[in-house]
Amino acid sequence: MTEFIKMHNRFYIFNFIYLRCDELLIDDSIEMENDHLMTSIQQGDETAFKTFFNLHYKACLAYMTTLTQDAAAAEDITQQSFIVLWEKRATLHDAKAAKQYLYLTARNLFIDRYRHLKSRQNVYAQLKHEALRNRIEEDRDLLELRIEKLKAAVNQLPPRCQEILYLNKQEGLKYAEIATHLNISVKTVEAQMRIAFNKIREEFDKDDRLLMLFLSW
């Protein structure tokens, strides 16, 4: 909204400058010539309109470039403004009114484009947010499924194997500590862990993430 207000302010400042400069520079004879030009344009004279176009195109384009900061957008808006002016030529009775209408049209087209751009950006941001939220929910569901699969694989192990695996993965005991705790040899602990790893690995052959989950468990 702040950026939008700044652009509005730029419009009014430059609009005032352009219009006031023209009023100071145009003498009565030139103004009369321009009014005759507008009479011809009202009657559908394309040559007269081309003359009007050549007189005002560069200034209007520079004005739009200042507002949009985008050469392509400025050119598009300026050309569209002249098209609208040509379509409404019957309602414009003198050169001053035509020029004011030209700049007003350009200003309105600029605002419409800006609002459309902001609206589209908001839609993209919303879609991105929705996609991210759905991805998080999907990842959470997949994680829960993998945990359930891991639990099922562990439950299929022999009781002693499960106990050793629990002491190692959940309690954080080292093999020597497990051997002391259960009054068995370290080699027996190693053998049981190897059995557990191999059995669970068979379940994880088609799911690398499940295997990583087990290794980080």
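Trainee: Which residues touch the most other members of the largest nonpolar core?

Mentor: The model is a predicted one. Its largest nonpolar core holds 23 residues. Those that touch the most other members are Met38, Ile41, Phe52, Met64 and Leu85.

Trainee: Which element gives the most residues to this core?

Mentor: The elements that give two or more residues to this core are helix 2 (28-42), helix 3 (46-68), helix 4 (71-87) and helix 5 (95-155). The one that gives the most, with eight residues, is helix 3.

Trainee: Which residues does Leu85 touch, not counting residues up to four places away in sequence?

Mentor: Leu85 is among the residues of the largest core that touch the most other members. Leaving out residues up to four places away in sequence, the residues it touches are Phe49, Phe52, Leu92, Ala98, Tyr101 and Leu102.

Trainee: How many residues are in the second, separate core?

Mentor: Nonpolar side chains tend to be buried together in soluble globular proteins. The second core includes Ala153, Leu157, Leu165 and Val189. Its residue count is 15.

Trainee: Within what arc do the buried residues of helix 6 fall?

Mentor: Helix 6 covers residues 159-169, and Cys161, Ile164, Leu165, Leu167 and Asn168 are buried there. The buried residues of helix 6 line one face of the helix, because seen down its axis they fall within an arc of 165 degrees.

Trainee: Is Gln69 buried or exposed?

Mentor: Gln69 lies in the loop between helix 3 and helix 4. Its phi is near 60 degrees, which is positive in a residue other than glycine. Most residues other than glycine have a negative phi. With a relative accessible area of 60%, against a cut-off of over 50%, Gln69 is exposed.

Trainee: What is the relative accessible area of Asn183?

Mentor: Asn183 sits in the loop between helix 7 (175-182) and helix 8 (186-203). Phi of Asn183 is near 60 degrees, a positive value in a residue other than glycine. Asn183 is exposed, and its relative accessible area is 72%.

Trainee: How many helices does the chain have?

Mentor: From the N terminus on, the elements run α-α-α-α-α-α-α-α-α. The chain has zero strands, and its helices number nine.

Trainee: What share of the accessible surface of the chain belongs to carbon and sulfur atoms?

Mentor: Of the 217 residues of the chain, 29% count as buried. The accessible surface of the chain comes to about 14600 Å². The share of that surface belonging to carbon and sulfur atoms is 54%.

Technical notes. Residues numbered from 1 in each chain as written. Predicted model: local features only at pLDDT ≥ 70, side-chain atom pairs only at ≥ 80, totals over all residues. Heavy atoms only, no water. Core = buried A, V, L, I, M, F, W, Y, C linked by side-chain atoms within 4.5 Å. Buried < 20%, exposed > 50% of the residue type's maximum accessible area, 1.4 Å probe, protein only. Helix = DSSP H or I, 4+ residues; strand = E, 2+ residues; numbered from the N terminus. Contact = heavy atoms within 4.5 Å. Arc of directions from axis to C-beta. Areas by Shrake-Rupley, 256 points an atom, 1.4 Å probe, with all protein chains shown as cover.
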